[in-house]
Amino acid sequence: MSSTELIDFHIHVGDVSAMRADIRELVIGMAGRRDFDLPRLFSSPPDLLAYLKEEGVTRGVLIADEGPGVNFAPTTDFVCDFRDAVDPEGTFFTVLGNINPNRSPNIMAKHESDAKRGIAGYKLYPADHDFHPISDELMTFYKQLENEGKILMFHTGTTGQEDGVDELGEPMLFKPILDACPNLTVVMAHAGKPKWCDQAIEFVQTYPNCYVDTAFMKPEMILTYLPNLAEIADKVLFGSDWPVGVRSLSGHVQQIRDLGLDDKVLDKIFARNAARLLGL
Ligand SMILES: [Zn+2]
């Protein structure tokens, strides 16, 4: 793994025109200040692939989101189709599927169908999709993911959805999963920001398979949210949350490089940790 590797662990795709107004505003409200054509890249597999490569990304994790804010459009199947349109072998794109229990009451059946598409795991959004992350069926599902060696990412921290429930993003809610599934890779996306970063940091320090990502963190805020980042560098994944909050992807990466962190720390965050989780 060379230092030119750059794995973005948190990328969204979908259809801007299908978004609900509040989320469209959140995602494209920065019009004019962005250096890329968001609606086109967001929906075009070849254009997104070319763009990410130009920006220096060497592998990208695409994340499904079957939630109300995006009108349930970027399903697991949608995102797998997006990948398969340009990269059926998955040499560049990795997919994290999504299950929204309010849409898919039979979670294990949904998982069985998703698994056929070739996914590395899931991202679940309790706060955005309004469900509690602990139930008997969900715990069975998490155990299954642990047995399969899959990745389980949660949205943690507050939510930008007008009908979201911030409290369902508190990292402490996920502790029973960490305790019950010690071998499951759990990624706390956004590290519980802005309110609960201390909890997320404690979990990555306590649980060997718990990670955080940097998604939707302004580069200049990363060391505010994760003040001991150098100490927990083995447990932090770079995720841009593209296109959300990103004005320039390569600029965003450069701003992180300019934070004054050790090269070894940057290498872990930008590539090494993700490569290990993805089995590269
Ligand atoms: Zn995201």
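Predicted model: local features only at pLDDT ≥ 70, side-chain atom pairs only at ≥ 80, totals over all residues.
## Basis of the description

Helices and strands are here DSSP runs, helices (H or I) of at least four residues and strands (E) of at least two, numbered from the N terminus.

## The loop between strand 8 and helix 11

Asp241 is found in the loop that runs between strand 8 and helix 11, and its phi is positive, at about 65°, although Asp241 is not a glycine. Because 22 other C-beta atoms lie within 10 Å of its own, and 20 or more is the cut-off for burial, Asp241 is buried.

Pro243 also lies in the loop between strand 8 (236-237) and helix 11 (249-257), where the peptide bond leading from Trp242 to Pro243 is cis, with omega near 0°.

## The loop between strand 6 and helix 9

A cis peptide bond, with omega near -5°, joins Lys193 to Pro194. Pro194 has its place in the loop between strand 6 (185-189) and helix 9 (197-206).

## The loop between helix 6 and helix 7

Asp130, which is not a glycine, has a positive phi of about 60°, and this residue is found in the loop between helix 6 (126-129) and helix 7 (136-148).

How values were computed: Residues numbered from 1 in each chain as written. Buried ≥ 20, exposed ≤ 12 C-beta atoms within 10 Å, placed from the backbone.
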